[in-house]
Amino acid sequence: KMSNPKYKPARLATLPPTLDPAEYDISPEARKAQAERLAIRSRLKREYLLQYNNPSRHGLIEDPALARWTFARTANVYPNFRPTPKNSLLGAVIGIGPLIFWYYVFKTDRDRKEKLIKEGKLDRRYNISY
Amino acid sequence: MLKIIIPTVMLIPLTWLSKSNMLWINSTMYSLMISMTCLPLMNQFCDNSLNLSMLFFSDSLSTPLLMLTTWLLPLMIIASQHHMAKEPPTRKKLYITMMILLQIFLIMTFSATELIMFYILFEATLVPTLIMITRWGGQTERLNAGIYFLFYTLAGSLPLLVALIYTQTTLGSLNLLLAQYWIDSSTHIWGNSLLWLAYMMAFMVKMPLYGLHLWLPKAHVEAPIAGSMVLAAILLKLGGYGMLRITMMLSPTINFMAYPFMMLSLWGMVMTSSICLRQTDLKSLIAYSSVSHMALVIMAILIQSPWSFMGATALMIAHGLTSSLLFCLANSNYERTHSRTMILARGLQMILPLMAAWWLLASLTNLALPPSINLIGELFVTVSMFSWSNFSIILLGINIIITALYTLYMLIMTQRGKYTYHIHNIKPSFTRENTLMSLHLVPLLLLMISPKIILGTTY
């Protein structure tokens with residue numbers, strides 16, 4: 001997207017937004033969204049810095065967003081689950097399908113071995129430990 | 001055997017009558033001495049068992065597990081010192097009493113001769129563990145965890161009671177040593193299959209088997225550190241020990257009844273290892289890795305070949321020590337950051353280098369690095385599984401790779417990388433913690449020299 005061949009990003013130097021021509025024709029809605037995101041970011045950074053530089057802080061700085069994220073991932077999965085036909089079908093296929101598949105694989109393999117043993121064709125030399 | 005049980009029982013008056021500042025020292029020291037008295041049990045005949053009395057015996061299968069149990073009690077007490085520091089002395093003494101009670105039940109379980117006594121103590125171990133999880137756990141989910149733990153294990157083991165009483169009335173006695181000589185290889189009637197199922201379900205839930213493993217992540221994660229240690233190290237092995245004893249009595253039915261459990265273990269092993277790669281919670285990762293390792297043990301026991309029994313017993317001991325060590329390491333993280341999220345405590349290698357050494361050794365043994373005993377167990381199981389059916393090597397190979405993947409993932413996430421900025425008051429490692437880790441590692445590394453003592457009855 002570089003229209004200006006003189007200002008290209010290098011391996012250890014990314015292109016700053018002021019040299020990127022795409023920066024200069026952004027719509028006003030996108031600008032507003034950028035400003036809102038910047039406001040959220042700076043509010044969070046201010047809260048963090050207030051806690052970070054507080055001389056009477058004795059513990060960790062807790063990130064409430066991280067706590068919400070881990071709670072949602074670990075403890076809050078089932079309350080947001082609703083069984084749908086697609087859901088249940090997927091669960092049955094992935095949960096029970098492989099079990100049945102591997103059952104048939106192993107059953108045929110072992111039955112084939114058993115048949116070979118009964119016919120005496122399998123090489124069953126004596127092993128001291130087995 | 002009484003020389004182990006009576007001192008352990010007397011540990012309870014010791015805790016209640018100690019002064020508060022001598023409490024931890026006394027209990028740790030005397031439980032260490034008790035674990036030393038367990039060592040002479042190793043001196044026994046190799047093709048028979050040490051029959052000590054009508055009720056208790058020890059053979060080369062139960063002795064390593066007994067050693068593990070008695071070794072673990074001082075470690076549990078050492079590990080609990082920090083999070084119990086602020087409790088009133090009565091509650092501290094109650095906590096230690098729960099641990100000692102659990103220890104007594106476990107010692108008697110592993111050395112029981114009569115299967116009914118084994119069953120009663122098997123159930124009795126649930127009660128102190130439940131109290132430890134629900135009363136002293138960390139999060140509010142511990143109530144849910146306790147309920148899952150209790151009811152899964154209870155529901156699984158009620159058929160075992162029925163089966164034991166039935167065998168008692170038909171066979172005449174449930175003495176473990178005699179029962180191996182009295183089995184009758186009956187024909188394949190479906191009553192036999194039902195009996196086999198009734199016997200095995202208790203241990204399958206305890207191990208746990210993949211489909212019935214829901215209680216394990218909850219219980220392990222919500223338990224306090226001593227609870228996690230004893231759950232991962234010993235209580236899972238109760239299931240393995242029971243299965244190893246009972247399969248000697250149940251032989252012919254197993255050939256076709258074993259298939260569903262083999263499939264669940266094979267596929268479950270791969271599934272639980274893969275879930276480990278997606279965990280954010282450190283203790284949950286270690287809990288799922290326990291399920292994966294125990295699935296190997298289940299498969300080994302179901303195949304019933306001498307090599308696989310050796311692998312199963314070696315794997316049980318090795319996994320007990322490794323898993324307990326990993327939980328202690330996770331707990332040392334938890335005590336510093338008060339959160340189990342892995343990404344919160346990164347780059348610890350810079351901050352706590354000695355602890356990083358223990359993390360490294362724990363991860364190396366967890367991924368079954370040669371020549372550790374974990375490898376011996378896994379290798380024996382893999383080789384005997386290959387002789388059971390050639391295709392199993394696919395799933396076993398995938399599992400070994402994924403085990404290495406998630407163990408290294410855990411190591412890299414907690415140790416390497418840049419540390420987080422705001423964690424500026426991570427206390428340096430206490431000597432107590434370093435002692436704890438090294439006491440876990442020393443048996444693990446020393447057993448590399450002579451693994452034959454943990455290889456069980458078929459060595």
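# Notebook: chain B of a predicted complex

I began with the secondary structure of chain B, which comes to 19 helices and 2 strands. I then compared its radius of gyration, 21 Å, with the 23 Å that the globule rule gives for 459 residues; the two values are close, so chain B is as compact as a globular protein of that length. Along the principal axes, I noted that the C-alpha trace of chain B spans about 70 × 55 × 45 Å.

**Confidence.** I kept in mind throughout that this is a predicted model. For chain B the mean pLDDT is 87, and 93% of the residues reach 70 or more, while the complex as a whole is given an ipTM of 0.84 and a pTM of 0.90 by the predictor.

**Packing and surface.** I looked up burial next and found that 63% of the 459 residues in chain B are buried. Of the contacts in chain B between residues at least 6 apart in sequence, 83% join residues at least 24 apart. The accessible surface of chain B comes to about 16,700 Å², and I noted that carbon and sulfur atoms account for 71% of that area. For charge, I recorded 22 positive and 12 negative side chains in chain B, with the centres of the two sets lying 14 Å apart.

**Leu266(B).** I turned to helix α12, residues 254–276 of chain B, in which Leu266(B) lies. Leu266(B) has a relative accessibility of 1% and therefore counts as buried, the cut-off being under 20%. Setting aside residues up to four places away in sequence, I found that Leu266(B) touches Met299(B), Met385(B) and Leu395(B), as well as Phe106(A) from chain A. I also checked Leu266(B) against Leu209(B): the two are 57 residues apart in sequence, and their C-alpha atoms are 10.0 Å apart in space.

**Thr403(B).** I then moved to helix α18, residues 392–415 of chain B, which holds Thr403(B). At 4% relative accessibility, Thr403(B) counts as buried. Apart from neighbours within four places in sequence, its contacts are with Ser273(B), His293(B), Asn366(B) and Leu367(B).

I found a cis peptide bond from Met207(B) to Pro208(B), with omega near -10 degrees; Pro208(B) lies in the loop between α9 (190–206) and α10 (215–222) of chain B. Another cis peptide bond joins Pro370(B) and Pro371(B), where omega is about -5 degrees, and I placed Pro371(B) in the loop between α16 (353–366) and α17 (373–388) of chain B.

The loop between α16 and α17 is also the place of Ala368(B), whose phi is positive, at about 60 degrees, although Ala368(B) is not a glycine. Ala368(B) has a relative accessible area of 9% and is buried.

I recorded a positive phi for His338(B) as well, near 55 degrees, again in a residue other than glycine. His338(B) lies in the loop between α14 (306–337) and α15 (348–351) of chain B.

Notes
Residues numbered from 1 in each chain as written. Chains lettered and ligands numbered in written order. Predicted model: local features only at pLDDT ≥ 70, side-chain atom pairs only at ≥ 80, totals over all residues. Heavy atoms only, no water. pLDDT = per-residue confidence, 0-100. Helix = DSSP H or I, 4+ residues; strand = E, 2+ residues; numbered from the N terminus. Rg over C-alpha atoms; globule rule 2.2 N^0.38 Å. Buried < 20%, exposed > 50% of the residue type's maximum accessible area, 1.4 Å probe, protein only. Contact = heavy atoms within 4.5 Å. Areas by Shrake-Rupley, 256 points an atom, 1.4 Å probe, with all protein chains shown as cover. Lys, Arg positive; Asp, Glu negative; His and termini not counted. Charge placed at Lys NZ, Arg CZ, Asp CG, Glu CD.
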